[in-house]
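Thanks for coming, everyone. Please have a look at the model on the screen, and then I will walk you through it.

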Amino acid sequence: MAIESSLLNWGIKRVFTVIVDNASSNDVAISYLKKKINTWGFSILNCKYLHMRCIAHIINLVVVDGMKDGLTPIKKVRDAVRYIKQSPARLQRFKACCEMEGIQSKSSLCLDVSTRWNSTYLMLSSALKFENAFDRYATVDPYFKIDLQSCEGNGVPDSLEWEYIGKIVEFLGHFYELTLRIYGSRYVTSNIFFDEISSVDCLLQEWKSSNDLELSCMEEKMKLKFDKY
């Protein structure tokens, strides 16, 4: 086994934890490693805490579960961004709309990878700054609405949907910043684990008592996944 060989080559026999994601194949690998470390006679607490699940992967699962039912407004924004970014002429026209609306932003439209929530956050966060420009663009490009309505009938995001996108951006922002902190590669992150995971629990509790039905619904799904781990 690769991990076993590496540990032996490095002369490491005292191992407290191994952090991996939640793939079932990892359960088998860690079970094998536990037996080996115990036979070496250097196990710490009989390898009780050897298998630690990756917090970044857990946060990813929690967020994905929370976003499952909010896909229509997100898809509308995604379709709108994709349409504008499909040609330089559309982008130029969109920039003109931004100027007319007095929007000055260093960020630009970006398209997400729908299976990666962090890229969806970046797409929505940048698009939200250009809400008025999207509205104006719909009046200067007649094919904009036609094209978006043909995307499974979704159409252009309306004001209520932009308001919902604003809530999604705020919601995802907390987890995006958390992920950046725990993904740090130039500093130790194990010492911040407890504080960070506790902050997530507090945030979910706060949303649970929210009068906003959408936030409360998100919290319920996320809390179920959070409590599982």
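First, a term: buried means under 20% relative accessible area, exposed means over 50%, and partly exposed is in between, with a 1.4 Å probe and protein chains only. By that rule, Asp-79 is buried, at 6% relative accessibility. Buried residues make up 38% of the 229 residues in the protein.

Now the ground rules. This is a predicted model, where local features need pLDDT of at least 70 and side-chain atom pairs count only at pLDDT 80 or more, while totals for chains, interfaces and linings use all residues. Residues are numbered from 1 along each chain as its sequence is written, and side-chain values use heavy atoms, leaving out hydrogens and water.

On to the fold. The protein has eleven helices and two strands. Helices here are DSSP runs of H or I with at least four residues, strands are runs of E with at least two, and numbering starts at the N terminus. The order from the N terminus is α-β-α-β-α-α-α-α-α-α-α-α-α. The radius of gyration is 23 Å, well over the 17 Å from the globule rule for 229 residues, so the protein is more spread out than a compact globule. That radius is taken over C-alpha atoms, and the rule is 2.2 Å times the number of residues to the power 0.38. The C-alpha atoms fill a box of roughly 75 × 40 × 30 Å along the principal axes.

Next, charges. Side chains of opposite charge can pair when their charged atoms come close. How many salt bridges does the structure hold? It holds eleven. A salt bridge is a side-chain nitrogen of Lys or Arg within 4 Å of a carboxyl oxygen of Asp or Glu.

Take Asp-112 and Arg-78, which meet in a salt bridge at 2.8 Å, N to O. Asp-112 sits in the loop between α5 and α6, Arg-78 in helix α4, and the two are 34 residues apart. Both are buried.

Then Asp-141 and Arg-93, with their closest N and O atoms 3.6 Å apart. Asp-141 is in the loop between α7 and α8 and Arg-93 in helix α5, so this pair ties together parts 48 residues apart in sequence. Asp-141 is buried at 2%; Arg-93 is partly exposed at 37%.

Last, back to Asp-79. Its salt bridge to Arg-82 spans 3.1 Å between the closest N and O atoms. Both lie in helix α4, three residues apart, about one turn. Arg-82 is partly exposed, at 35%.
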